[in-house]
Amino acid sequence: MEDRDIVVGVDGTGDCDAALTWAADEAALTGARLVVVHAWETRERAFAPYARPRRKLLGAGEQAQAVLERALLRVRAAHPDLEVAGRAVRGRPEAVLRHEARGAALLVLGSAAHQAGDGRLGAVLLACLRWPPCPVTVVGAAQPVARRPFAAVAAASH
């Protein structure tokens with residue numbers, strides 16, 4: 001990862017769509033490269049051996065690639081001149097995102113805490129905030145888009 005990269009985690013939800021939009025806008029404003037990351041695990045690990053589904057599900061790798069491709073299409077439609085890279089990486093999302101963002105200018109994550117009503121943050125977000133690989137921005141689905149670029153805010157705070 002380069003120190004000018006903005007890394008955004010996506011999982012196909014509305015909260016991550018908001019984070020993707022924010023990160024793409026930020027990358028366009030600052031001239032950064034956007035790296036879109038989707039982490040995935042195999043479905044079999046989520047089931048007890050006796051509870052695995054009998055029918056063949058679409059493979060987790062294919063689903064991950066589909067989520068990533070949809071995200072990349074959205075970014076390229078909104079910012080055709082933006083340098084964008086995509087990565088679908090097998091592994092636990094919190095570990096993958098921390099690894100992929102190591103040395104980046106910024107890690108952008110979505111949050112559904114406002115929808116839950118109790119303000120609790122998810123495990124992935126908490127892990128990335130507890131052990132940040134770089135500066136982290138959290139974007140809620142209802143967050144306004146208009147703002148100063150992160151680079152200007154970071155420079156003003158020093």
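Among contacts in the protein between residues at least 6 apart in sequence, 76% connect residues that are at least 24 apart. This value, like those that follow, was computed from a predicted model. Of the 158 residues in the protein, 39% are classed as buried.

The secondary structure of the protein consists of six helices and five strands.

The packing of one helix pair was examined in detail. Two packed helices are described by the angle between their axes and by the distance between those axes. For helix H3, formed by residues 93-100, and helix H5, formed by residues 123-130, the angle is about 40° and the axes lie 9 Å apart. The crossing of H3 with H5 is right-handed. On the H3 side, the contacts between the two helices involve Pro93, Glu94, Leu97 and Arg98. Their counterparts in H5 are Val124, Ala127 and Cys128.

Interactions of aromatic rings were also considered. With a limit of 6.5 Å between ring centres, the number of aromatic pairs is zero. A charge placed over a ring does occur: the charged end of arginine 130 sits over the ring of tryptophan 131, at 5.5 Å from the ring centre. Arginine 130 belongs to H5, which spans residues 123-130.

How values were computed. Residues numbered from 1 in each chain as written. Predicted model: local features only at pLDDT ≥ 70, side-chain atom pairs only at ≥ 80, totals over all residues. Heavy atoms only, no water. Phe/Tyr/Trp six-rings, centres within 6.5 Å; stacked < 30°, edge-to-face > 60°. Lys NZ or Arg CZ within 6 Å of the ring centre and 35° of its normal. Helix = DSSP H or I, 4+ residues; strand = E, 2+ residues; numbered from the N terminus. Buried < 20%, exposed > 50% of the residue type's maximum accessible area, 1.4 Å probe, protein only. Contact = heavy atoms within 4.5 Å. Axes fitted to C-alpha atoms, helices over the stretch in contact; angles between N-to-C directions. Left-handed = near helix turned anticlockwise from the far one by under 90°.
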